[in-house]
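Good morning, and thank you for coming.

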Amino acid sequence: MSVRRIDERPAVKETLPLGRRLGSAGTTIADRFAAYRLTSVLAIAVVIAVVPVFFPSTYYYRVAALVYVFALAALGLNLLMGFAGQVSLGHAGFMGIGAYAVAIGPTHFGLPTWLSLFVGAALSAGVAFLVGRPILRLRGHYLAVATLGFGLLLAIVFSNEAEWTGGPDGMSVRRLVLIGWAVRGSENWYWFSGATFLVGAALALNLIDSPAGRAMRAIHDSETAARVLGIDVARTKLVVFVISAIYASVAGSYLALFNGHITPEVAGFLRSIELVAMVVLGGMGSIAGSLVGAAVLVLLPQVLTFLHEYEHLVLGLILMGVMIFLRNGIVPSIAAALKGRSS
Amino acid sequence: MTILATENLSMRFGGLRALDGVSIAIPERCVFSIIGPNGAGKTTLFNMISGIYTPRDGRVLLAGEDVTGLKPERLARRGLSRTFQNLQIFFRMTAIENVMVGRYRHERTGIIADLIHLPMVGRQNRETRELAQAALNRVGLAAIAEQSAGSLAYGDLKRLEIARALASEPKVLLLDEPAAGCNPVETASLEGVIRDIAAGGVTVVLVEHDMRLVMNVSDRIHVLANGATLAEGSAEEVRTNQAVIEAYLGVHGSRRDSRAVH
C-alpha cells in the first residue's frame, strides 16, 4: 500500500535510499540518471577517504592535495572544453586572479582570507563575463589564440604591478583562518582540497543532467540545431565560461594558501597548457577524467625525478604514448574497452 | 486562418538571385509542401523563415506577427521548429538526450537551481524525459532511446530530428527533405508520422523531392522554380498544371526530372 502511494508522488521517490530505487520494478530512466550522479559522487568520496591509507609519509598528503587542487581547475575547464566544446588557452589567468586575491586581500585591504577567496571568485566571474562576451564569438583556433592573449595579458599584469603583487618574485600569502582555526599542514589541506573537489564534482554532475547542461552539450555538436530549439548560444557559452573561471579561481586561491607564497607563474602560459593537457589526457567530457588527468600530470614529474636530466624526455614520451593508445583520454578509452569486453 | 506567411520574400547570394519576391500563405493545421527542382530556392526559403538567413526584401509573418529577421532562438520560442536536410544531430548525446534538448524552451529552472540540483530540477528532468520518450515513440524510435546518437543509422537520425523538433511542441514544423536517403519502407512509415503530427494540430511545412510522399500527404502544394512561384494548389491541381508539368514533372523527362518523379 505504501509503495503505491510513493509511485503516485514522484517527488517523494527521490528521497528513498539508492538500493530501494534501483531494486523497484518501477525504476524510470530518470531515476537511473540520479543514481549515476549519486554513485559517481560516492565513488569519488571513497577514493578521497581511502587513498591516505597507503600514504607512508605526510609528503604524500602534500602531493595528493595538489592533485585535488589541479583537478578542480581541470574540472572547470573540462566543462568549457569537454562539454561545451570551447577551448581556453588562458585559464591559468583565472587561477592567478584567485591566487592573488587571497594574497592581496588580507595584505593590502585587511580582508579575512576566506572572504578574499570569495572576492577572487567574484572577480574572476566578472572578468570572465566581460572578456567572454567579445571573445566567445570566435571559434576554434581563433578562440584559442584570443584566450591565449588574455592569459598572457594577466600574467604580465601580475608581474608588472609590483607594488601590489611583489612583481616576478611574488608575495607571501597569509594562512587561512576559519573560525579561529588556522588551516595548516599537508594533512588538513588534503581533506580540505579533497572535500572542495568533491563539491565541485557534484555541482558539475548536477549541471550536466540539467537544462543548462544539455544546452552546453548541444552547442558542442551543432550550434544551428541548438538555436533552432530556442537555445541562446552566446549566453550559454558565457555562462559556462564564467562557471569554469570560478572553478579555476578557487583552485588558484587554494594553491596560494597551501603554498604560502605566490609568483606570477601561477597564471603563466605553461600553467594554462598544463590545465588543457590534464583535461585532454584524462578525458574530455569526463568528470573522473579531470581527476585522473590532474593526478597523472602532478604525480609523473614526482615519480620521474630519479631520471634526472631525462625526466622531461620520458614525461613527454609517456604523454605522447597515452594519447596515441588512449586517444579519447584515459578514462573514456578505458571505460569503452571494459564495456566492449563485457558485452 | 493563416499561421505562417511570406510576403515578397527575396534573397541574393552575390549576383545569384536565390529567391525573388515569393509570397506564400500557409493555413493552420495542414500539411503544406514546397516543391521544385534543385536550386529552386526551397532550402533558402526555409532558412529565411526559420531565421538562419535574414531576407534582403519582404516579410515573414508568424501567427499574424511580423517576425522578419528574428533570430532562430526567438522564433523557436514563438513555436517554430525545423529539421535539417544535412543532419544536425548532437552526436555526443544519447538519442533521448537529443530529444530532451528539444524541451529546452519549456524548461523553467535557472542556472543556480541546475547546479545545486534543487528538487524542482529533478521533477522537471523526469517530466522532460517522459515527454522526450513520448516524442521518440511517435516517430517509431522507442527502442533506441538510450543508444548513443552517433551509433544510429541514417534513417533513424532523420526521425530523431523530427522527434527533437516535436518535443519542442511547435505550432509550425518545417521538415527539410525528411525522406532524402531513406529506403521505400522508411519513406512509407514517414508518411504515417507526418499524418500523425498534422492530426495533433501542428502545421507541417514540407520540402521534399519524393513525389509520392508529397502527393500522398499534402493538403496544398506550392511549386517554386528559379526562385519564383510557379503554381500553387491541391495535389491534383499541381499534378495536372501544364506549367508544372513542363517545368518540373516533365513527362518527356530529363534525368533530373525522372529522379524527381520517383
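Before the first pair of strands, one term is needed: two strands are said to pair if DSSP finds at least two bridges between them. Please also keep in mind that this is a predicted model.

Strand β1 (residues 2-13) and strand β2 (residues 16-27) of chain B run antiparallel and are joined by eight bridges. Two partners illustrate this pairing. B:M11 has B:L19 in β2(B) as its bridge partner, and B:T6 stands opposite B:I24 in β2(B). What do β1(B) and β2(B) form, with two residues between them? They form a hairpin, and in its turn B:G14 has a positive phi of about 60 degrees.

In chain B, an open sheet of four strands with antiparallel pairing has the order β2-β1-β4-β5. Its edge strands are β2 and β5 (65-66) of chain B, each of which pairs on one side only. Across β1, β2 and β4 (57-62) of chain B lies helix α1 (residues 42-49) of chain B, which runs at about 115 degrees to β1(B).

Let us turn to the other sheet. This open sheet of chain B has six strands in the order β6-β7-β8-β3-β9-β10, and its pairing is mixed. Which strands stand at the edges? They are β6 and β10 of chain B; each has a single partner strand, so one side of each is left without a neighbour in the sheet. From one strand to the next, the twist averages 20 degrees.

β6(B) and strand β7 (residues 172-176) of chain B pair in the parallel sense over three bridges, and B:R82 has B:L174 in β7(B) as its bridge partner. By contrast, strand β9 (residues 220-225) and strand β10 (residues 228-233) of chain B pair in the antiparallel sense over five bridges. Here B:H222 has B:E232 in β10(B) as its bridge partner. β9(B) and β10(B) form a hairpin with two residues between them, and B:N226 in the turn has a positive phi of about 50 degrees.

I now come to the domains. Chain B is divided into domain 1 (2-79 + 170-261) and domain 2 (91-153). How far apart do the C-alpha centres of domain 1 and domain 2 of chain B lie? They lie 29 Å apart. Five residues of domain 1 of chain B are in contact with four residues of domain 2 of chain B. On the domain 1 side, α2 and α7 (184-199) of chain B are the elements that give two or more residues. The largest share, three residues, comes from α7(B). By class, that side has two nonpolar, one polar and two charged residues.

Is B:R77 buried, partly exposed or exposed? A residue needs 20 or more neighbours to be buried and 12 or fewer to be exposed; B:R77 has 17 C-beta neighbours inside 10 Å, and therefore counts as partly exposed. Leaving aside its neighbours within four places in sequence, B:R77 is in contact with A:G230 and B:R105.

The contact with A:G230 leads us to the two chains. In total, 36 residues of chain B are in contact with 32 residues of chain A. α5(B) gives the most to the side of chain B that touches chain A, with seven residues. The residues of that side divide into 15 nonpolar, nine polar and twelve charged.

Finally, let us examine helix α5 (residues 119-138) of chain B itself. At 1.5 Å a residue, its 20 residues should span 28 Å, and its end C-alpha atoms are 29 Å apart, which agrees. Its buried residues include B:V121, B:N125, B:R129 and B:L136. After α5(B) comes B:G140, whose phi is positive, near 80 degrees. Thank you for your attention.

How values were computed:
Residues are numbered from 1 along each chain as its sequence is written. Chains are lettered from A and ligands numbered from 1 in the order in which they are written. This is a predicted model: local features need pLDDT of at least 70, side-chain atom pairs count only at pLDDT 80 or more; totals for chains, interfaces and linings use all residues. The expected span of a helix is 1.5 Å times one less than its number of residues. Two residues are in contact if their C-beta atoms, placed from the backbone, lie within 7 Å. Ala, Val, Leu, Ile, Met, Phe, Trp, Tyr, Cys and Pro count as nonpolar, Asp, Glu, Lys and Arg as charged, and the others, Gly among them, as polar. Axes are lines fitted to C-alpha atoms, for helices over the stretch in contact, and angles run from 0 to 180 degrees between N-to-C directions. Domain bounds come from an automatic or database domain assignment.
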